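Here are some short notes for a first look. Please keep the structure open while reading them.

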Amino acid sequence: MVVLNRIYTRTGDDGTTALGSGERRKKYDLRVDAYGTLDEVNAAIGIVRLHTADDPQLDAMLGRIQNDIFDVEADLCILDDTKGKGPGGVKLNVTGRQVEWLEQQIDALNESLPPLRSFILPGGTPAAAYMHLARTMCRRAERLMVQLRDQPGEDVTPEAIQYVNRLSDFLFVAGRHANDRGGRDVLWQPGQNR
């Protein structure tokens, strides 16, 4: 269980931070960058949710995703399999079930959307615009996670990468859903301003 009774510790004043295992890493370390970027995604989804109260189904999906993003962050920040923040103190790893749930939500939202005839520009409703912002942050997190996985001595679970990949897809489809089910999508006009 996480207990936060003191917010500042001064231990990071030297430019390092602790992973969940207690190991210290530089604040610019690729692992820290990856889960820090996911924290940005989660904050952007928090802004999205300011605009989804009138769509309780979508808002509930986003609430669950915010919780799952913390699971991905725990997966990234706790390297030791014997320690964790999960039930009973086990290491939290993202599961295939979480990835499958995201795929199911993507499919459910996509059913009511018209096919795309062009790429879309971020915009339309506030919820959609912020979802596209979260989506681009999510893609950056995915790139960092893959780069981290490819570093000697580092590891990222396949499910964590799969989850983040699907999450960006979800945010794209959910953005279209929030744009009056695609009715307010802003379409790219290739070469229009030449």
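Which pattern does the chain follow, read along the sequence?

1. The order is β-β-α-α-α-β-α-α-β. That gives five helices and four strands in the chain. Please bear in mind that this is a predicted model.

2. Next, the chain as a whole. It has 194 residues, and 44% of them count as buried. Take the contacts between residues at least 6 apart in sequence: 69% of these join residues at least 24 apart.

3. Helix α1 covers residues 30–49. Its end C-alpha atoms lie 29 Å apart. Its 20 residues, at 1.5 Å a residue, should span 28 Å, so the two values agree. At the start of α1, Asp29 places a side-chain oxygen within 2.9 Å of the backbone nitrogen of Arg31.

4. Which residues of α1 are buried? They are Leu30, Arg31, Val32, Ala34, Tyr35, Thr37, Leu38, Val41, Asn42, Ala44, Ile45 and Val48. When reading such a list, recall that an α-helix has 3.6 residues a turn, so residues three or four places apart point the same way.

5. Now a helix pair. The axes of α3 (residues 96–110) and α5 (residues 158–178) come within 9 Å and cross at roughly 20 degrees. Angles under 35 degrees count as roughly parallel, and α3 and α5 are therefore roughly parallel to each other. The crossing of α3 past α5 is left-handed. Residues making the contact include Val99, Leu102, Ile106 and Leu109 of α3, and Tyr163, Leu167, Phe170 and Val173 of α5.

Notes. Residues are numbered from 1 along each chain as its sequence is written. This is a predicted model: local features need pLDDT of at least 70, side-chain atom pairs count only at pLDDT 80 or more; totals for chains, interfaces and linings use all residues. Side-chain values use heavy atoms; hydrogens and water are left out. Helices (H or I, at least four residues) and strands (E, at least two) are DSSP runs, numbered from the N terminus. The expected span of a helix is 1.5 Å times one less than its number of residues. Buried means under 20% relative accessible area, exposed over 50%, partly exposed in between (1.4 Å probe, protein chains only). A polar contact is a pair of N or O atoms within 3.5 Å; within protein, one must be able to donate a hydrogen and the other to accept it, and residues adjacent in sequence count only if both atoms are side-chain atoms. Axes are lines fitted to C-alpha atoms, for helices over the stretch in contact, and angles run from 0 to 180 degrees between N-to-C directions. Angles under 35 degrees count as roughly parallel, over 145 as roughly antiparallel, 65 to 115 as roughly perpendicular and the rest as oblique. A crossing is left-handed if the near helix is turned anticlockwise from the far one by less than a right angle, and right-handed if clockwise. Contact means heavy atoms within 4.5 Å.
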